[in-house]
Amino acid sequence: QVTLHGFDQMNIVLTQTATVSAEGTYAFEQVEMPEGRIFLTTVEYDGITYGSEVATIGAEPMDIDLPIEIFGTSNDLASLSVDRLHFFFEFLGPEIIRVVELYIVSNPTQNTIVAPEGEQGVLSFTLPEGAANLEIQEGRIGERFIQTANGFADTAPIRPGMGNYQVLFSYEMPYSRKLELVRNMQLATNAVVILVPENGMEIKGETLQDAGTRDVQGTLYRLYNGNSMTAGENLELTITGKMVGEDLNNTTGIL
């Protein structure tokens, strides 16, 4: 079954279903198509929902073609890679630092990556010892994400495509004049990018290069670039400095 969805200004106003033919085609006829309405189609295959591109109706009557590409499945993570791993650091107080991590992952294969049989988690993320107050942008533990022995895992499948899978999360670390942070690369990582407020915090790492400052919404941030890393390699960072000022919690706003 294929489902057709119609939207007016982001409000769904139409839903219809049709059966896919033996040749893999489908059609919806006599559909009301006023100017500006947006259409897309979805289908569930192997328990995974796939969708078409979106089409917007113009001023003239038109037929629209909405093909849906579906894929086989695999639980082999070896072909996945992290295009960019972003770190954001900020002081929440003199003795606490918030760490934000953003993973942008590519799946260059022709398979959707799913969890191994009998398991729920597809891709796992570790947390350093002492981490507290985990927040995940796309959900919470017990919903899309599940808790693991040393962090959490995402149950969402990873569809083929370059950079179209992203996970953003944050946690808090205790701080006393210095923080030694060690992060293990679960996947091969092409680039590491670190951003910190230009307020007395300094980051040091063996392969880090200082890339200068950036003005983001009126606040200066210092940028560091790191080299590519292989799966299983550790990124070792040393954070030093002290909190300057009272209202420095701006990282969430720039994400």
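## A walk through the strands and salt bridges

Start by selecting Leu 85, which stands opposite Val 192 in S17. Two strands meet here: S7 (residues 81-93) and S17 are parallel and joined by four bridges. Strands are DSSP runs of E with at least two residues, helices are runs of H or I with at least four, and both are numbered from the N terminus. Strands count as paired if DSSP finds at least two bridges between them.

Before going on, a word about what is on your screen. This is a predicted model, in which local features need pLDDT of at least 70 and side-chain atom pairs count only at pLDDT 80 or more, while totals for chains, interfaces and linings use all residues. Residues are numbered from 1 along each chain as its sequence is written, and side-chain values use heavy atoms, leaving out hydrogens and water.

Colour by pLDDT next (the predictor's confidence in each residue, from 0 to 100). The chain averages 91, and 96% of the residues score at least 70. Strand S1 (residues 2-8) has the highest mean, 97, and helix H1 (residues 251-254) the lowest, 53.

Now select the whole of S17, residues 192-197: six of its six residues are buried. Buried means under 20% relative accessible area, exposed over 50%, and partly exposed in between, with a 1.4 Å probe and protein chains only. Val 192, Ile 194 and Val 196 point one way, and Val 193, Leu 195 and Pro 197 the other. S17 also pairs with S20 (residues 219-226), antiparallel over six bridges, and there Val 196 stands opposite Arg 222.

Stay on Arg 222, as this residue is linked with Glu 198 and Asp 210 in a network of salt bridges. A salt bridge is a side-chain nitrogen of Lys or Arg within 4 Å of a carboxyl oxygen of Asp or Glu. The whole structure holds eight salt bridges.

For another of them, show Arg 183 and Glu 101, whose closest N and O atoms are 2.7 Å apart. They link S15 (residues 178-184) to S8 (residues 96-107), 82 residues apart.

Move on to Arg 144 and Asp 154, a salt bridge with closest N and O atoms 2.6 Å apart. Arg 144 is partly exposed at 25% relative accessibility, whereas Asp 154 is buried at 0%.

Finish at the bridge partner of Asp 154, Leu 123. You are now in an open, antiparallel sheet of three strands, ordered S10-S13-S12. S10 (123-126) and S12 (145-148) each have a single partner strand, so one side of each is left without a neighbour in the sheet.
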